[in-house]
Amino acid sequence: MCGLNLGLIVIMIGLVVETETGESMRFELDSGKTKCIAEDIKANAMTVGKYSIVNPSEGQPFPDSHKLVVRVSSPKGNNYHLGDQVDSGTFAFTAAESGDYTTCFWANKHKPPVKMTIEFDWKSGVAAKDWSKVATKGQVETMEIELKKLYDTVSAIHEEMFYLRERDEEMQELNKETNSKMATLSFFSLLLCLSVAGLQIWHLKSFFERKKLL
C-alpha cells in the first residue's frame, strides 16, 4: 500500500508539473482559416492567456489583412473571451467547471491570401500567477518565492489526492450497492425456482393421484 501511495504521489507530481506549466507557442495561420487550441483546466483554477500577431514590418502599423477574431469557450460552450478584429489581446478567468477549454483563432479572408505568425501563451493553475509581481510587491527573497511556488504545487497535489479519494469512495459505494442488489436478486431468483419446483411436484402428485398410480 505504501508503494502504491508513493507511486501515486509521483504520478500526481508529474501531472501537476506538466499541467501547471501551460502552453507557449508560435504558429502560422493563413487568411480565411481557423485554428483551435484546447487546454484541460480543473474547476476553480485560474487561467491567463496572451496572444499577438507578429508584425511583418517591425516598427510599422499592422496591415489591414492582419486581424483576428479570437474566442475562448468552456466545455459547455460558454464564452469567456471574445476579441473581434484585433491584432493582440489577453484574457484571464477562473474556471467554473473542469474540462477542455478552447481558444479559437479566425483569420479574415484576404486577396491575395496572406500568412500570419501568431504568438500564444496560455497558463493555468500555479503557472498562471505572476510571481515576478509577487516578488516586487512583497520585496521577498528568491528562496521565499520558490517556497511559495512549492506550497501552491503541494496544495494542488493535495486537492487532486482528495478528488481521487472521493472518486474511490464513490466507486466503493457503487460496488456495495451493486453487490446488495445482486444478493437480493439472487435470493428472489432462488425463491422463484423453489416455488416453481414445488408447484411442479404438487402438479405431478395430483396427476398421479387422479390416475390412481399412487
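User: What do the side chains of Arg-26 and Glu-119 form?
Analyst: They meet in a salt bridge, with 2.2 Å from N to O. The model is predicted.

User: Where do the two sit in the chain?
Analyst: Arg-26 is in strand E1, residues 23-30, and Glu-119 is in strand E8, residues 115-124. The pair links distant parts of the chain, 93 residues apart.

User: Is Arg-26 buried or exposed?
Analyst: Arg-26 counts as exposed, because its relative accessibility is 53% and the cut-off for exposed is over 50%. Glu-119 has 32% and counts as partly exposed.

User: Which residue does Lys-115 pair with?
Analyst: Asp-30, in a salt bridge whose closest N and O atoms are 2.8 Å apart. Lys-115 lies in strand E8 and Asp-30 in strand E1, so this pair ties together parts that are 85 residues apart in sequence.

User: And how accessible are Lys-115 and Asp-30?
Analyst: Lys-115 is partly exposed at 48% relative accessibility. Asp-30 is partly exposed as well, at 33%.

User: How many salt bridges does the structure hold?
Analyst: It holds 6. One of them joins Glu-170 and Arg-167, with the closest N and O atoms 4.0 Å apart.

User: What separates Glu-170 and Arg-167 along the helix?
Analyst: About one helical turn, because they are 3 residues apart in helix H3, which covers residues 142-210. Arg-167 is partly exposed, with a relative accessible area of 40%.

User: Switching to cysteines. How many disulfides does the count come to?
Analyst: The count comes to 1. Cys-36 and Cys-104 form a disulfide, with their sulfur atoms 2.0 Å apart.

User: Which strands does that pair link?
Analyst: Cys-36 is in strand E2, residues 34-41, and Cys-104 is in strand E7, residues 99-107. They are 68 residues apart, so the pair links distant parts of the chain.

User: What is the handedness of the link?
Analyst: Right-handed, with 110° about the S-S bond.

User: Is Cys-104 buried or exposed?
Analyst: Cys-104 is buried, at 9% relative accessible area, whereas Cys-36 is partly exposed at 42%. As for Cys-193, that residue is exposed, at 52%.

User: Last topic. Which residues does UniProt list as a transmembrane region?
Analyst: The unreviewed UniProt entry lists residues 182-202.

User: What is the secondary structure of 182-202 in the model?
Analyst: The span is 100% helix and 0% strand, and its end C-alpha atoms lie 30 Å apart.

How values were computed. Residues numbered from 1 in each chain as written. Predicted model: local features only at pLDDT ≥ 70, side-chain atom pairs only at ≥ 80, totals over all residues. Heavy atoms only, no water. UniProt positions renumbered as here; feature names shortened; annotations may be inferred. Helix = DSSP H or I, 4+ residues; strand = E, 2+ residues; numbered from the N terminus. Buried < 20%, exposed > 50% of the residue type's maximum accessible area, 1.4 Å probe, protein only. Disulfide = S-S within 2.5 Å.
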